[in-house]
Structure formats: C-alpha cells, structure tokens
Number of protein chains: 2
Amino acid sequence: MPGAVQRKTVARRRKGERTRESILRAAVDLASVEGLEGLTIGRLADELKMSKSGLFAHFGSKEDLQLATVEMARQIFVERIVRPALARPEGLPRLMGLCQGWLDHVAGHVFKGGCFFTAASFEFDSRSGPVRDAIVAVMRAWIDVLTRAIAGAQKARHIKASADARKLAFEVYSLAMGANWALQLLDDKEAMNKARANILARIRAVATPNCPPIKDAKSA
Amino acid sequence: MPGAVQRKTVARRRKGERTRESILRAAVDLASVEGLEGLTIGRLADELKMSKSGLFAHFGSKEDLQLATVEMARQIFVERIVRPALARPEGLPRLMGLCQGWLDHVAGHVFKGGCFFTAASFEFDSRSGPVRDAIVAVMRAWIDVLTRAIAGAQKARHIKASADARKLAFEVYSLAMGANWALQLLDDKEAMNKARANILARIRAVATPNCPPIKDAKSA
DNA sequence: CATAAAAACGAACGTTCGTGCTATTATATT
DNA sequence: AATATAATAGCACGAACGTTCGTTTTTATG
C-alpha cells in the first residue's frame, strides 16, 4: 500500500523536518533583529527551549544554519508577497500588488525587525562566501520580478514603452529602502505613506492615458 | 611661561590622545566592513600591533569604543563632505557639492567598506541604547543639512519655492542609499553614475528658469 | 638627569561562541 | 509490542569575547 506510506511521509512529515522548520521560522525573526551573524545557536536554543546540541544537529554548521535561514526567509517572502501579486492580472494591478506588498513587508508586517533582506544586504555587502552569495541571488531575483512586472505593464499599455523598466524598478526599491530606514531608525511613522505616495507619483509619471486609475488607497 | 606649556599640550598633544585617534581611525574602517558589533577589541589590537589591554585602557568599555567610533566617523564625514560643500556659495552649488560628496562617500572613497552610517543604521535599527541613539542623532543632522541646503537653493531662487525641501532630501538620500546597495552588494559599477543622473533629474524637475545649468560632470 | 605620571603590556578571569562526542529519549516500522 | 532508527540532551573542548589587575616600559616635567 504505497499510498499510505506516502501519506505518512509527505502529508505528515517526519518530526525532524517539522522542528527544523520551526527552528528556521524563529531564526528568521531573530536574525531580522540581531542580524545573521548576531544570530546565535545558544540564543536560538534558549528561545525554543531546546538544547544547543539538539538544535545544532539539524545543521552541520553555523553557516548551514545561516543559509537555511536565508532560504526560509526567501520562501516566506515569496509566499506572502510575490505569489499573491503574481496572481493578479498582468499590468498595473500586478505591479501595484508588488509595490504594496513590498512596502508592507518593509513596514515590519512580515518579519519582526523590519526587512530581513535589507538588513542582511548591508550586513554582508562587504564580505564574501556562500551566505553573501545566497543573499545576492535572492535580491537579484527580486529586482528581476519587479522589472518584469513593469515590462508587463508596458506590454499591457499601462506604462509607456519609452520608460526604462529597470531604472523604475531601482527607484521603487530605493524609495522603499529609504522608507524602511526612516521608519525603523528615525521612527518616522509617516514614512510608509510618504513612500507610497512617492512611488505612485513615479508610476503616474510614466503611465499611459489608458492606464487604470492609480489610487492612493491599498487597491490598484 | 604659560604659552610654552599650552604649545606643548595643545599643538603637540599627549601621546595617549594620538594613539587613541589612530585606534579610532582603524576602528572606523574595520567597523565599516565588519559592523559595529563585529568590531572586536582583539581584532583591532592585532591590526594595530597593540595588546588588547593596552588598547582597551583608552576606553572604559566596548560600548564606549563603539560610541567613540561613531563620533570619529562623524568627524571624518563632516570634514570630508559637509565642510567643503558648506564652503561653496549657498544655492545650487552647495547642494550639488553635498550630493556629489555624499555619492563619493557612498562609493567607498571615504570609508573602506562603503558607507559607515548606512551600515550602522541597518545594524542598529532594531536595537536600543546609547549607540543607536548616537547613530540616529548623526543621521538626523545629516538629513537636516541636506534639507537646509535645498531650502537655501530655494532662497537663492535656484529651486522653486513650491518644492518640498524635506521630501526632496529624502529622495536624494534614498537614491544614494540604493546606489550604495547596488554597488556594494550587486557589484553594479554603473550604480553611482545612474544614481547621479537620477538625482540630477530630480533636481532639474524642480529647478527655476534662472537656475545655473545642472551638468552631468562633477562640477555644479 | 631624576622622578612622577602616563601608557602599554602580559596574564588571567568568567562567559559565550561553534562544534564535536556519547548516551538517552522519542518516534516509526515490522 | 518489539525493535530499529531518528531526534534530542548532556557534557566537554578550544577559541575568542569583554574585562580586570599588577607590572613594566615609555613619556613628560621639575
């Protein structure tokens, strides 16, 4: 009865896998506050009421733990922001979904300490090794998603074909990062609203006449 | 003969003060790469071929060392970027001096690992305590300098009075931070040029007719 | 030049780091 | 239910952390 076997090993996975996942979920939150280097095995074990060695056995090394944490953060990000946005129709709605999701994420609605990847980016931008490479790969993929969404909006004739998609993606990214900075560091509670207004203005500047209305509210 | 005494204690300072300064100069470079927490007393002592305890004696604690490092970074930043720009005439020249200096700084021409304060901002934005407070104070001051320079350019009738000075300062800051990210993490060597062009376009968009020409080169 | 003060050193403290072992539970399969 | 296997705990290790202390060397002053 291979079906039953599969149901047991897939649907209700091994316990080790489940604890591993719960470890990584805690690791992402902790790292978004303390940084990926500040993320410590002992601290994480305390938080989960596990022994250091028991937790450590799930990963061959601290670097493995860091890599797995980055991967988990990526999965959460894709699940929470990218996938819902990609479910919307191509063009302005999808682009707006990405921007709004990105702002929500940056505002700390997804990870505890603000944007996990922005923090990781600046923590590892002067280092080298597999962890840095993993962060770089995620960030490149994210910029590509943004750029493709803009190109899609151009194909849908919502945004002028003359606009530089990659440049606009970079502007959106920069403004969101600036908002993250103003909110988390300077405690500027209006930073997110200002950033959203700013991003909308940038998009309006390159919108075509037959573009659907770009409203200030959360909808597109 | 108080004059001689003063010459000895002021012009040629005590040795301790001099080594303290050289320690802090090294600390700024090291922290711009490893972060302010990753900055370690033993590592710093090795780099300077000093004993840990000898170095430590200059500071009462690691937190003191971090605070002194932030202060030294601030002084270098003011000396190298803010002061030369403030020496230029109020209006567009001064504003352009600040922007160009800021971009140079971000490009890593001042600190080893890119922008010290951007890295420190994201490292401490989820913490609390005196070090975070010091970073916040420096960043607020810097945004204020930028904002005042824009307001000055408005007074000089180089930039439209209708423009929102603080909003423009925030845009400039965000774009430079994005360029720092693209250069240091993604190794995008054109990031600085693109950011400069972008910033110039933002300024041009609010320039008055009698504004001096905004050229792409380094001059204003 | 002598001498008091300042600066740097060397060794050690208690902790915590990451990482190995071995033993002991808990889980899954027959 | 018995048994094999996976998961966790316990303990110890060497290294590095921030920090303290007493000593020695260097510097500045009368």
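Among contacts in chain A between residues at least 6 apart in sequence, what percentage join residues at least 24 apart? In this predicted model, the share of such contacts that join residues at least 24 apart is 61%.

## Fold of chain A

Chain A contains ten helices and zero strands, and its pattern, read along the sequence, is accordingly written α-α-α-α-α-α-α-α-α-α. Taken along the principal axes, the C-alpha atoms of chain A fill a box of roughly 60 × 50 × 30 Å, and 39% of the 220 residues of the chain count as buried.

## Contact between chains A and B

The contact between the two protein chains involves 26 residues of chain B and 26 residues of chain A. On the side of chain B that touches chain A, the elements giving two or more residues are helix H2 (15-38), helix H7 (116-124), helix H8 (130-155) and helix H9 (165-184) of chain B. H9(B) gives the most to this side, with eight residues. By class, the residues of the side of chain B that touches chain A comprise twelve nonpolar, ten polar and four charged.

## Surfaces near the DNA strands

DNA strand C is surrounded by 23 residues, and the closest are A:Gly42, A:Ser53, B:Gly16, B:Ser53 and B:Gly54. Two or more residues of the surface near DNA strand C come from each of helix H1 (2-11), helix H3 (41-47) and helix H4 (52-56) of chain A, and likewise from each of H2 and helix H4 (52-56) of chain B. The residues of this surface near DNA strand C are four nonpolar, ten polar and nine charged.

Around DNA strand D there are 23 residues, of which the closest are A:Gly16, A:Ser53, A:Gly54, B:Thr40 and B:Gly42. Helix H2 (15-38) and H4 of chain A each supply at least two residues of the surface near DNA strand D, as do helix H1 (2-11), helix H3 (41-47) and H4 of chain B. For the surface near DNA strand D, the division by class is four nonpolar, ten polar and nine charged.

## Packing of H6 and H8 in chain B

Two packed helices are described by the angle between their axes and the distance between the axes. Helix H6 (residues 92-109) of chain B packs with H8(B) at an angle of about 155 degrees, and their axes are 8 Å apart. Because angles over 145 degrees count as roughly antiparallel, H6(B) is roughly antiparallel to H8(B), and the crossing in which H6(B) passes H8(B) is left-handed.

On the H6(B) side, B:Leu92, B:Arg94, B:Leu95 and B:Leu98 meet B:Val145, B:Leu146, B:Ala149, B:Ile150, B:Gly152 and B:Ala153 of H8(B). Divided by class, the residues of the contact of H6(B) with H8(B) are eight nonpolar, one polar and one charged.

## Positive phi values in chain A

Although A:Arg157 is not a glycine, its phi is positive, at about 60 degrees. A:Arg157 lies in the loop between helix H8 (130-155) and helix H9 (165-184) of chain A, and with 13 other C-beta atoms within 10 Å it is partly exposed.

A:Asp187, also a residue other than glycine, has a positive phi near 60 degrees. The loop that holds A:Asp187 runs between H9 and helix H10 (191-205) of chain A. Is A:Asp187 buried or exposed? A:Asp187 counts as exposed, because it has 10 C-beta neighbours inside 10 Å and the limit for an exposed residue is 12 or fewer.

Definitions and conventions: Residues numbered from 1 in each chain as written. Chains lettered and ligands numbered in written order. Predicted model: local features only at pLDDT ≥ 70, side-chain atom pairs only at ≥ 80, totals over all residues. Contact = placed C-beta atoms within 7 Å. Helix = DSSP H or I, 4+ residues; strand = E, 2+ residues; numbered from the N terminus. Nonpolar A, V, L, I, M, F, W, Y, C, P; charged D, E, K, R; others polar. Buried ≥ 20, exposed ≤ 12 C-beta atoms within 10 Å, placed from the backbone. Near = placed C-beta within 6 Å. Axes fitted to C-alpha atoms, helices over the stretch in contact; angles between N-to-C directions. Parallel < 35°, antiparallel > 145°, perpendicular 65-115°, else oblique. Left-handed = near helix turned anticlockwise from the far one by under 90°.
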